[in-house]
Amino acid sequence: MKLLFDLDGTITDSKPGITKCIEYALQKLDLPVPAEDELVRLIGPPLKETFGTLLPSPTDENINQAVTFYRERFADVGIFENSVYPGIQDALHSFREMGVSLYLATSKLQVFAERILQHFELDHLFSGVYGSELDGTRQDKTELIQYLLAAEKIPHRHAAMIGDRSHDIKGGKANNIQTVGVLWGYGSQDELVGAGADLIAEEPEDLNWLFEYYTGE
């Protein structure tokens with residue numbers, strides 16, 4: 001079995017860094033900053049989509065400028081305003097011990113994703129890290145998962161996508177793979193079930209039964 005994991009809201013709680021970098025970008029554009037609760041609801045989708053929602057009169061130019069400001073702070077500061085969810089590291093180790101191949105599938109820039117995994121000493125647990133590029137390539141989860149499956153030559157019936165937002169579930173469903181929605185991140189159960197999640201995990205410890213479920217062991 002090959003398990004594809006989202007990063008933000010699934011492996012790490014990146015809320016502090018992401019919300020502060022969004023605030024920074026909006027302040028640089030002399031725009032009001034919404035309440036934190038509203039910003040948290042925007043964690044998960046690609047940055048261009050997030051700023052397309054936040055900017056009063058979004059254009060390609062000012063969305064790209066907002067993304068540039070966001071990354072200006074994130075690259076050195078926001079990237080480390082982050083923590084691994086309790087229980088996730090143990091779950092990842094358990095999967096590896098069972099012979100399950102793990103892959104990261106995130107809309108975040110691949111270079112940032114690689115640095116985060118290295119920072120938390122999780123990089124050795126993953127067989128591959130897949131993220132977006134500076135030009136916006138593979139920001140969309142459907143495109144990203146399709147690319148990952150093709151690059152790794154993974155049959156659809158042998159893969160499952162694990163994530164906390166509807167984008168993760170819809171991306172997995174669009175690629176005809178199993179999907180698992182997790183509730184410790186930034187999405188709600190209604191959102192995940194509405195997107196078509198095949199299974200719901202309430203706590204990281206609940207991931208322990210995934211291997212048996214998908215292999216029938």
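This is a predicted model: local features need pLDDT of at least 70, side-chain atom pairs count only at pLDDT 80 or more; totals for chains, interfaces and linings use all residues.

Student: How compact is the protein chain for 217 residues?

Tutor: One compares the radius of gyration with the globule rule. The secondary structure here comes to 10 helices and eight strands. The radius of gyration is 17 Å, close to the 17 Å that the rule gives for 217 residues, so the chain is as compact as a globular protein of that length. Its C-alpha atoms fill a box of roughly 55 × 30 × 30 Å along the principal axes.

Student: Which residues touch the most other members of the largest nonpolar core?

Tutor: A nonpolar core joins buried residues through side-chain atoms within 4.5 Å. In the largest one, with 53 residues, those residues are Phe-5, Phe-51, Tyr-70, Leu-104, Phe-126 and Leu-207. Helix α4 (residues 60–74) gives the most to this core, with six residues. A second, separate core of 12 residues includes Tyr-103, Leu-144, Leu-149 and Met-161.

Student: Is Asp-6 buried or exposed?

Tutor: Relative accessibility under 20% means buried. Asp-6 counts as buried because its relative accessibility is 6%. Asp-6 lies in the loop between β1 (2–5) and β2 (12–13).

Student: Which side chain joins that of Asp-6 in a polar contact of 3.1 Å?

Tutor: The partner is Lys-141. Beyond four places away in sequence, Asp-6 also touches residues including Leu-104, Met-161 and Asp-168.

Key
Residues are numbered from 1 along each chain as its sequence is written. Side-chain values use heavy atoms; hydrogens and water are left out. Buried means under 20% relative accessible area, exposed over 50%, partly exposed in between (1.4 Å probe, protein chains only). Helices (H or I, at least four residues) and strands (E, at least two) are DSSP runs, numbered from the N terminus. A polar contact is a pair of N or O atoms within 3.5 Å; within protein, one must be able to donate a hydrogen and the other to accept it, and residues adjacent in sequence count only if both atoms are side-chain atoms. Contact means heavy atoms within 4.5 Å. The radius of gyration is taken over C-alpha atoms; the globule rule is 2.2 Å times the number of residues to the power 0.38.
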